[in-house]
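Good morning, everyone. Please bring up the model on your screens, and we will walk through it together.

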Amino acid sequence: MKRVWLVAAIVVGVAQAGSVPLMAHHSFAATYFEDKTQTIEGDLIQFQFRNPHSYVHLQAPDEKGEMQRWAVEWGSGMQLSTQGLSATALKAGDHVVITGSPGRNPDDHRLRMKSIVRPKDGFKWNGTFS
Amino acid sequence: MHRIRIAQVVAFAVFAMLLSVPAFAQTDFSGMWGQRYYEDQEERAPGGELGDFTGLPLNDAARLRADSWDASLYGIAEWQCRPHSALYMWRSVHPVRIWNELDPITGEAIAIHANFQDLLERVVYMDGRAHPPEEGPHTWTGFSTGKWEGDMLTVNTTHLKEYIIRRDGVPVSDRTTMAEHWMRHGDFLTIVQIVTDPVYLTEPFIQSTDFILDTHLQFVPELCEIEEETDHPHGWVPHRLPGTVHDSDDFAKKHSLPAEAVKGGAETMYPEYRGKLKQVKP
């Protein structure tokens, strides 16, 4: 029975991947070092749940220990909503740990979201988006 | 008497057929068309890598601009909600809804509309009108006219804005013109683009893109909102000074390709170049 559900989930996933409109007007590979990973930990300033891309803004130290305002790019509001997330999923002041691909321009202090964890209540996301 | 009746039936049948066959449009492109990444998935979905100029007949000026281009441009407020221009929109992740605009009297298709998720709506005029004069406004859609060549729709577009031809910053100028061939084979739509730019391309750039008719596709408009994305002062313009970055070299190294080959140019597009590649060290 489990196998039936697994197959059904794969079929639905593949069908959705082919049909759900996505918004990606810039190239991720041109914007981020996709083969690198960076982790930042700090307090959330703002969660922009929007199109074309959602953003998590975070106050967190950089590799030198200096506090920076980070912009972490996430999926579009439409994409995240299909993954069960909403505009109220994160709030200002939340302490979170984010892992992502660092931006090519270091002055931007930006990441492309790979995972986010909120230790306080165990909230976690490590999905994918285009 | 019997012969006359048969002739009447045949005449009626022919008349009925004439009434039911569309008189003007050879192919109906109406419908929702979903993207199919049979080719160039990486370029169309997440976006290609920096410095990948392979297959592009670009010149040195285009190469210089591409090497100076910074993808962070899309993060500034003025750029966040820019649509792709008509020449790139086919290569985007957006589906397209196509419909005919009919003359209410004659039923003739006087225009064909192509709407890309409400981000860009192109109008292809089929009524034989002329293109605007050279000094006419340049827009993201450009100005398009179409004509039938058998079952194939050929669209000519002028008056485009300057844009990119690939999402790693390779530019095309506002003097770019584009011929498109729209072809339908059953539920498949193939768009062949022939892009000509006297400023940045040394010869026409040709590519094809595929779609499939999808009657279940939900056409969800994506309202774009402008927000401050990064912590830069207002007026900051992302850029990279020539010579300060070597992304094209990185791309070549990553894929074990000669740096010369990934820098593009018309010569690199043709099979004869393989012979030259054998003499070039990666």
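Start with a definition: two strands pair if DSSP finds at least two bridges between them. Helices (H or I, at least four residues) and strands (E, at least two) are DSSP runs, numbered from the N terminus. This is a predicted model; local features need pLDDT of at least 70, side-chain atom pairs count only at pLDDT 80 or more, and totals for chains, interfaces and linings use all residues. Residues are numbered from 1 along each chain as its sequence is written, with chains lettered from A and ligands numbered from 1 in the order in which they are written.

Now the strands. Find T145(B): opposite stands N156(B), in strand 6 of chain B. Strand 5 (residues 143-149) and strand 6 (residues 152-158) of chain B run antiparallel, joined by 7 bridges. They form a hairpin with 2 residues between them. In the turn, G150(B) has a positive phi of about 65°.

Strand 5 of chain B also pairs with strand 4 (residues 120-125) of chain B, in the parallel sense, over 2 bridges. There, V124(B) has S144(B) as its bridge partner.

Next, helix 3 of chain B, residues 60-68. A residue is buried if 20 or more other C-beta atoms lie within 10 Å of its own, and exposed if 12 or fewer; C-beta atoms are placed from the backbone. Which residues of this helix are buried? A62(B), R63(B), A66(B) and D67(B).
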